Amino acid sequence: MAARIPRVPVRDQDPGQRAKNFEEVCYGYNAEEAMTEASRCLNCRNPRCVGACPVGISIPEFIAHTAAGDFKAAAGVIARDSSLPAVCGRVCPQETQCEGSCILGVKGEPVAIGKLERFVADWNRDHGGPSEKMQPAPGAKKVAVIGSGPAGLACASDLAKAGYDVTIFEALHKAGGVLEYGIPEFRLPKDTVLKAELDEVRALGVKIETDVVVGRTITIDGLLDNEGFEAVFIGTGAGLPKFMGIPGENLNGVFSANEFLTRNNLMKAFREDYMTPIHAGKKCCVVGGGNVAMDAARTALRLGAETTIVYRRTEVELPARVEEVHHARQEGVEFAMLTNPVEILGDEKGWVRALKCVKMELGEPDASGRRAPVPVEGSEFEIPTEVVIMALGTSPNPLISSTTKGLETTRRGCLVADEVGATTRPGVFAGGDAVTGAATVILAMGAGRKAAAAIDAYLKKK
Amino acid sequence: MFEILEKEMLTPATCRMKVRAERLSAAAKPGQFLIVRADEKGERIPLTISDFDAAEGTVTIVTQSVGASSSILNSYEPGQSFADVVGPLGQPSDFVSMSAEELASKRYVFIAGGVGTAPVYPQVKWLHEHGVPVDVIIGARTKDLLIYTEELGGACDNLYLCTDDGSCGFKGVGTAMLEKLVAEGKSYSRCVAIGPMIMMKFATLTCKKLGIPITVSLNTLMVDGTGMCGACRVSVGGKMRFACVEGPEFDGYEVDFDEAMRRQGQYKAEEAQANEKHKCKIGRG
């Protein structure tokens, strides 16, 4: 019976209106909608969704509480496994994880697990009241966590719950890592959603010290030798931008997506009352097809630029979440598929005037199984533009690996770590993008949790 | 929060501040920089470190009011605090990691221009303390704009002052002074130039002519200062380099200064607007 109810649609801000502001696109469910949607869950005896969740949230259990209208109990269930539910309900690629494995999805539409998680987290923030402040017991062992992004926050939360005295060191002036500098306000509101979840982590007794660049201000060796930390978790993400290596990349008006998004998100350049400038131009091309490319394109659009996504494969291969591509298209972002830049052309003053591209076609499947794009000979053409934003992925920052004794890295600059996060140096663990290269928020959180368990085991043996 | 302990106006527009930043002061080395953010709404402003004292837990910065953000920075008074001071960032000067034998063969000359004179100080002090002969040339438009003359005078072998208008010392630019010194028989194994990009470009041209290797300290645009944004990218020896993590010091011979200057002006239009707004606010008092 339950499966007969169609998936409850979620309300969005009107595309025409939202293309001009930075307010959140998706309004989320109200209580009634959430309870109806939750009632669709079959409460499978062997829930595939839980296995598909990198942090293993007891999904049917929280959904059952939601269906019964006990949102506080639902929040309690999620909190056992995730310290960032309001974030994950908004930014997880549910279609390839929990919802992607939902049995209802075989014949119809899966349960909207992400939207339900978001509802429960938002409800709990607005009605649940602040959590009780916890403090580590005197004499608790000290653990340092480097980076306050998803991996670090997840690791720190679990360690604090296990009784450790945890300090997170953050290089920027605000905590949150990519959640703060990378993901835009219209997908993840900072002052309401993110701040509240960071406050919850702090309430567990976790200290966050900002403005500390590990590898420069302090070193891991210093933390272990001089500051009394007994283990370290490195969750520094993958922050180095990539460029294409084509002519013209140093012209004025060419930015990495990292720069563009950091100016807008962390530095709030979109707000008149903040000092940091940003330049989106009248016309803007974003090169790449991932979530970061979508975020950059939709940001440029909101800043008033006619924006085009330039991607060398087809829409089917776009690595971005389906919802982001859909939203971008609704808002008026253009998509130039099977198109690859070969040069950025400048005017006499050294500013971008056009992006020179070639048309591509899909050839034979490559090692990844995806059909490799190959250039069509003689198909060169120019897209007039004032700004080019490179969203080609990122790689880990060498700042820590190059300043810490005994830490091995792969050829791609990723830290070498085993499946529970142990690096080549005893007592030093790592997880998230710093180990895997750029991936998702939730995979980083999963890695952070595994490492927390491994650190606990390591310190108990020590 | 990072409390301002001392403040002194070096010229009507140039301000020196001593700021409490304990972790930073303990790690800083000559050649490195830091980033300041005055308040919640402020920009992250990169500044080369002008001095540091680990025992005291302080760093010294020197800032010239050129736009809205730097003017706001300079409006802070002792007892107030900056929201953020982070660093040290970038690589220390290469001589810091040289062996005593290597250092023994060196003779340094520094060319300092304008507000760039301040960050020369920790480098000169370090070399002087390590027994390396070091001369310093300070250039400014006019006498009143010369800064750090006493500090540098006490920390180097020979100090040469230059002004464009001849109101103090040699009449002419710093590079002309260097040419004169070399013509008089001085010899140097390396020059270090810190100042406006255009000055470093001409210092490099002069050094090329004289056959002296030169190090320059690039004050590029930056946001995070840790290699994340890429705003600071410069062409050095035909390769893309990030000034924030690979610099700020590079071999002057290899730097594409024209590109670096063009990139520095990338937000000029936006900055001009911000300055107008800032002036309006001051006007309204």
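Modeller: What follows is a conversation about the labels used for this structure and the values behind them.

Modeller: This is a predicted model, in which local features need pLDDT of at least 70 and side-chain atom pairs count only at pLDDT 80 or more, whereas totals for chains, interfaces and linings use all residues. Residues are numbered from 1 along each chain as its sequence is written, and chains are lettered from A and ligands numbered from 1 in the order in which they are written.

Biologist: What makes helix α12 of chain A oblique to helix α13 of chain A?

Modeller: Helices here are DSSP runs of H or I with at least four residues, strands are runs of E with at least two, and both are numbered from the N terminus. The axes of α12(A), residues 257–264, and α13(A), residues 291–302, come within 10 Å and cross at roughly 55°. Axes are lines fitted to C-alpha atoms, for helices over the stretch in contact, and angles run from 0 to 180 degrees between N-to-C directions. Angles under 35 degrees count as roughly parallel, over 145 as roughly antiparallel, 65 to 115 as roughly perpendicular and the rest as oblique, and therefore α12(A) is called oblique to α13(A).

Biologist: Which residues of α12(A) and α13(A) make that contact?

Modeller: Two residues are in contact if their C-beta atoms, placed from the backbone, lie within 7 Å. On the α12(A) side these are Ala257(A), Phe260(A), Leu261(A) and Asn264(A), and α13(A) brings Val292(A), Ala293(A), Asp295(A), Ala296(A) and Thr299(A).

Biologist: Where else does α12(A) take part in contacts?

Modeller: The contact between the chains takes 30 residues from chain A and 36 residues from chain B, and α12(A) gives the most to the side of chain A that touches chain B, with four residues.

Biologist: How do you know that β10 and β11 of chain A are paired?

Modeller: Two strands pair if DSSP finds at least two bridges between them, and seven bridges join β10(A), residues 339–346, to β11(A), residues 352–365, which run antiparallel. One of the bridge partners is Val358(A) in β11(A), which faces Asn340(A). β10(A) and β11(A) form a hairpin with five residues between them, and Gly350(A) in the turn has a positive phi of about 85°.

Biologist: Which strands of chain A form an open sheet, and which are its edges?

Modeller: Five strands of chain A lie in the order β3-β2-β1-β4-β16, with parallel pairing. The edge strands are β3(A), residues 207–209, and β16(A), residues 428–430, because each pairs on one side only. From one strand to the next the twist averages 25°. Within this sheet, β1(A), residues 142–146, is joined to β2(A), residues 165–169, by five bridges, and Lys142(A) has Asp165(A) as its bridge partner.

Biologist: How are β10, β11 and β12 of chain B joined?

Modeller: Six bridges join β10(B), residues 134–140, to β11(B), residues 158–163, which run parallel, and Asp135(B) stands opposite Asn158(B). β11(B) also pairs in the parallel sense with β12(B), residues 170–171, over two bridges, where Cys162(B) has Phe170(B) as its partner.

Biologist: Why is Tyr148(B) called buried, and why is Lys268(A) called partly exposed?

Modeller: A residue is buried if 20 or more other C-beta atoms, placed from the backbone, lie within 10 Å of its own, exposed if 12 or fewer, and partly exposed in between. Tyr148(B) has 24 C-beta neighbours inside 10 Å and so counts as buried, while Lys268(A) has 19 and is therefore partly exposed. Lys208(B), in helix α7(B), has 13 and is therefore partly exposed too.

Biologist: Which peptide bonds are cis?

Modeller: Among them are the bond from Gly87(B) to Pro88(B), with omega near -5°, and the bond joining Gly247(B) and Pro248(B), with omega about 10°. Pro88(B) lies in strand β8(B), whereas Pro248(B) lies in the loop between α8 and β17 of chain B.
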